[in-house]
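User: Please take a close look at the salt bridges here, and go through them one after another.

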Amino acid sequence: MPLYPGHRCGEPEHDFDLIIISYAHSSGPLLVPENSNRVKLLYSVRDVPNPPNLLRKKHTGMSRRLQKEIFLSKEGKTRLAQILENTESKMVEMMEDYSRAPTPEVVTEADLYAPKESPRELVVGIMCEEGRHRSVALAEEVAKLITKRPRWTVKVQHRDLGEIESSEEDRDEDEGEREGSVSPTLERRSTKVAKQKDKEKKKLIGRKIGSFVDEEL
């Protein structure tokens, strides 16, 4: 997976890109090349409390169950609101700058030799320690809650999440839980109770058969 997406060839069908990237502090900084067409906003969410260890072992930040746990904390809610507010503000600022950019009809001779591009790509980097839980959850939530604008496309990348299959498993497991599927613990208990009942039933049948045979003899 690339560290950040490159530009497409040819003229884009939209004006602006919002690219939200989660990444791990332990794997090094987010390397986004400087560009006059690009603006960066970088955030650390390592102060947001981690979900319980058992939950982190079974789920990544793609899991709705883990996301809910993160946003139950005051720190999680505060940081989400901060990132959303700053990102929204920067998007509006970029749109205003773009609308004020000189058109070909008013470009001066100086502009021809020293053109100044108005930024059209906003990169929001969100960092936690391992890049698999808090930063992923925040990146997904920002992408979901950000105000949808017709001239913007929103993309999400998880630099250090690992294989995408793990994310799909999280989604599948969450779907099962929402549909009311039995949890593994309850399922094991039900199986154990069923086996015990079956065992007692066989003993009862055995005693009845033994009694019947004795009478016949």
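Analyst: A salt bridge is counted here when a side-chain nitrogen of Lys or Arg lies within 4 Å of a carboxyl oxygen of Asp or Glu. By this rule there are 11 salt bridges. The model is predicted: local features need pLDDT of at least 70, side-chain atom pairs count only at pLDDT 80 or more, and totals for chains, interfaces and linings use all residues. Residues are numbered from 1 along each chain as its sequence is written, and side-chain values use heavy atoms, with hydrogens and water left out.

One of the bridges joins Glu-34 and Lys-40, at 3.0 Å from N to O. Glu-34 is exposed, at 68%, while Lys-40 is partly exposed, at 33%.

Another bridge pairs Glu-93 with Lys-90, at 3.3 Å from N to O. Helices are DSSP runs of H or I with at least four residues, strands are runs of E with at least two, and both are numbered from the N terminus. Glu-93 and Lys-90 both lie in helix 3, 3 residues apart, which is about one turn of the helix. Glu-93 is partly exposed, with 35% relative accessibility.

In helix 5 (residues 134-145), Glu-141 and Lys-144 are 3 residues apart, so about one helical turn separates them. Their closest N and O atoms are 3.6 Å apart, and the two form a salt bridge. Glu-141 is buried, at 9% relative accessible area, whereas Lys-144 is partly exposed, at 44%. Together with Arg-64, Glu-141 and Lys-144 are linked in a network of salt bridges.

Notes. Buried < 20%, exposed > 50% of the residue type's maximum accessible area, 1.4 Å probe, protein only.
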